[in-house]
Amino acid sequence: MKYLLTLFALVLGLGLAAPTATLAVEPDEILADPALEERARELSKDLRCLVCRNENIDESNADLARDLRIFLRERLTAGDSDDEAIEAIVSRYGEYVLLNPKVTGSSLMLWLAGPVALICALGIGFTYVRGRSGRDGKATETQQKPLSDEEQARLDEILKS
Amino acid sequence: MFIELGHAALILAFLVSLLQTVVPLVGAHRGWAQWMAAGSAAATTQFLLVFFSFAALTYAFVTSDFSVRLVVANSHTLKPMLYKVSGVWGNHEGSMLLWVLILAGFGACAVWFGNNLPDRLRARVLAVQGAIGAGFYAFILFTSNPFERVSAPPFDGNDLNPLLQDPGLAFHPPFLYLGYVGLSMAFSFAVAALIEGRVDAAWGRWVRPWTLAAWIFLTIGIALGSWWAYYELGWGGFWFWDPVENASFMPWLIAAALLHSAIVVEKRESLKAWTILLAIMAFGFSLIGTFIVRSGVITSVHAFANDPERGVFILMLLALYMGGALTLFAARANVMVSKGVFGMVSRESALVLNNILLAVSCFVVFVGTIWPLVAELFFDRKLSVGPPFFNLAFSPFVILIALLLPIGTLLPWKRAKVARALKPLRGWFLLAAAIMALVWAMQTERTALAPIGAFLGSWVILGAGVDLWQRTGNAKQGAAARRKRLLRLPRADWGRAVAHSGFGITILGVSFLMAWELEDIRVAHLGESFEVGGYDITLASVREGQGPNYSNILAEIDVAKNGKPVATLYPEKRIYPVQAMPTTEAAIDNGFTRDVYVVIGDPQENNGWVVRTYIKPFANWIWAGAIIMSLGGGLSLSDRRYRVAAPGRRHRAPANATPGPAE
């Protein structure tokens with residue numbers, strides 16, 4: 001991800017620190033218990049690397065991301081539930097660390113925006129289509145100035161295919 | 001010298017674009033044929049001037065002229081020729097020059113291929129194009145001049161960012177810009193129609209090819225970028241819901257909606273106001289994307305403060321063009337009254353539903369993209385909106401679109417019966433459901449993602465086939481006659497079916513890849529084998545090497561299955577000394593049903609190396625689907641009905657003096 005952002009930053013002349021070539025989870029971080037490791041991997045995908053632009057800690061190669069991955073694994077090994085482990089990180093770094101924003105307070109608007117917009121759009125669309133399906137053919141009447149004969153002839157010619 | 005001429009040509013192009021804005025507009029209003037014709041001449045001249053300007057900058061890059069600041073910052077003598085050329089647009093200033101070059105190119109195309117347009121409409125379209133051009137020339141000349149010289153030319157340049165030195169990336173920006181900027185044509189047609197005060201079926205037919213062309217380029221551009229990310233990032237991600245990606249995805253969604261609604265305007269003279277609005281918004285989202293990307297305001301509020309001049313300038317252009325167009329839209333609402341009548345269940349209402357889903361899904365992406373900014377400005381909350389949100393919020397729209405698409409394509413215009421439209425689909429629906437069950441039974445992990453994706457993807461593809469077959473006639477007419485007719489169907493029918501099946505293929509690729517991907521991270525020792533997903537991976541050797549402008553560490557990795565060799569892969573780590581930047585070059589064995597993807601990491605003790613191995617099922621289907629979608633668009637674009645009006649011109653020549661429309 002950092003690569004992608006670097007690319008765009010460069011294209012756009014924003015300038016960004018150069019990334020290093022090592023990547024993400026290193027072999028020495030991986031937990032012996034596969035089930036626990038699997039949980040750690042899933043959780044890391046929802047946590048933001050704070051020094052990167054838009055990368056989760058699972059993909060990031062930054063030192064901070066590595067520290068967070070190790071911290072997360074320590075918490076899980078100590079017996080934390082998923083929520084407890086996440087909460088421990090949020091309490092240190094704030095909700096900025098969550099890539100999946102909480103469904104609380106003002107962020108409720110973010111989550112509801114899609115469903116509400118869809119319901120409104122469907123309502124408007126339904127009303128429109130019902131108006132178009134005019135039982136008595138009223139909708140065919142138009143307030144538009146009718147085409148002149150010449151214009152109609154030209155239109156017919158164009159539409160003939 | 002050449003550079004100064006290029007700069008002068010750009011200034012001239014700016015002046016010509018101002019003329020192009022005013023003269024044809026007045027000409028069209030007064031009915032002065034010569035003033036209207038001047039617009040065509042101006043558009044061609046403007047294109048030639050920008051072309052010269054662009055050529056001058058390219059020449060500076062190719063000859064490594066280090067007296068030009070931009071070349072110093074982005075080039076190096078040792079760089080391969082391809083990247084010297086692509087370096088022209090691998091930076092802010094040069095990419096803006098490419099932007100206006102393409103804009104002027106589209107304007108000139110409207111002159112060259114727009115013979116079928118009425119003179120007035122063409123004059124007004126060119127005037128709007130001129131106005132857009134003028135804004136962006138001013139932006140380049142006042143804030144981002146690519147022709148700036150340095151007083152003391154250095155001996156060599158700073159090199160282009162190594163990540164940009166890649167064939168996929170060399171062609172990604174031009175395609176993306178062809179798409180972004182191509183949407184300006186839809187915008188110009190919409191504004192011209194509003195000035196003219198008439199939106200009719202012919203307008204729908206004229207605007208569609210331009211939108212289609214822009215959409216095809218945008219599809220290819222996005223696919224190239226995603227494919228590049230897949231092989232260059234080092235772990236095979238293909239989409240990140242990053243603000244800059246969303247910036248290209250939003251216009252794509254709106255353009256897709258516009259493509260569909262323009263058909264309703266053309267065939268049924270309905271949805272006029274909505275289609276005009278979409279044409280305005282499609283380019284609006286292009287501009288919003290340009291603003292997001294150039295100002296950096298979304299990725300970081302502070303980046304905006306670093307370069308407020310450019311961000312504010314683009315914001316002003318955005319406000320000017322969108323504000324102007326929407327005001328005009330409101331003022332002309334009365335001319336966009338629909339004519340066609342259609343039933344609740346009909347092709348028209350299916351397309352209305354398509355538009356609702358595409359537009360709302362774009363809205364969701366938009367809200368998610370700007371939410372961090374909104375939350376910080378208005379609620380004092382510093383938060384992130386990442387892939388988990390977008391995956392959850394966007395997927396329902398994909399599912400709904402895929403479910404409804406095959407049914408919608410079979411509904412006849414005006415009035416339809418659902419039961420009748422569903423009849424030819426019933427068997428295929430069951431087949432898609434059977435495929436879903438099979439996938440469910442076959443997979444070891446019980447995730448619902450793959451079966452649902454298998455169902456939706458095959459449903460869309462089968463539906464596209466049924467759609468095509470239904471066009472050939474009904475069951476009474478015999479299969480042989482229908483097969484014959486199949487090949488003679490209009491290209492638009494083929495285009496629709498091909499593009500829709502491409503969408504289905506992409507669904508299959510994305511869902512299978514996400515559900516079944518395997519990953520292995522380990523320290524491998526030379527000569528040692530390990531097994532990943534049925535493949536035996538052996539690290540055979542690691543050696544150092546030298547490229548044209550980088551040094552590298554090259555590993556040789558043998559891949560075998562059941563004792564038989566499958567491939568030998570050479571993953572690399574490169575270091576580009578000029579920018580002191582390492583890159584990872586993954587090695588991929590591309591396959592029809594899976595990619596084997598290996599990456600070499602850091603050296604460890606005892607001749608060990610970190611090796612990452614991924615099995616990526618059906619990865620190539622993602623981009624193959626996108627390419628098939630754009631091929632479908634190309635087929636539709638080549639349909640003869642978009643060309644018929646050209647020979648018709650002979651007949652209408654005397655009718656040119658048609659009096660002005662309702663105003």
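Which residue takes a positive phi just after H1(B)? The residue is B:Gly31, with a phi of about 80°. The model is predicted, so local features need pLDDT of at least 70 and side-chain atom pairs count only at pLDDT 80 or more, whereas totals for chains, interfaces and linings use all residues. Residues are numbered from 1 along each chain as its sequence is written, while chains are lettered from A and ligands numbered from 1 in the order in which they are written.

The pattern along the sequence of chain A is α-α-α-α-α-α. Of the 161 residues in chain A, 33% are buried, a residue being buried if 20 or more other C-beta atoms lie within 10 Å of its own, exposed if 12 or fewer, and partly exposed in between, with C-beta atoms placed from the backbone. Among the contacts in chain A with a separation of 6 or more, 49% join residues 24 or more positions apart; two residues are in contact if their C-beta atoms lie within 7 Å.

In chain B, helix H1 covers residues 2-30 and spans 41 Å from its first C-alpha to its last, close to the 42 Å expected for its 29 residues; the expected span is 1.5 Å times one less than the number of residues. H1(B) packs against helix H6 (residues 119-143) of chain B at an angle of about 150°, the axes lying 7 Å apart. This angle makes H1(B) roughly antiparallel to H6(B), a term for angles over 145 degrees. A second pair in chain B, helix H19 (residues 491-516) and helix H20 (residues 619-637), packs at about 165° with axes 7 Å apart, and these two helices are therefore roughly antiparallel as well.

Leaving aside residues up to four places away in sequence, B:Ala282 touches B:Leu183, B:Ala186, B:Pro251, B:Ile254, B:Ala255 and B:Leu258.

Conventions:
Helices (H or I, at least four residues) and strands (E, at least two) are DSSP runs, numbered from the N terminus. Axes are lines fitted to C-alpha atoms, for helices over the stretch in contact, and angles run from 0 to 180 degrees between N-to-C directions. Angles under 35 degrees count as roughly parallel, over 145 as roughly antiparallel, 65 to 115 as roughly perpendicular and the rest as oblique.
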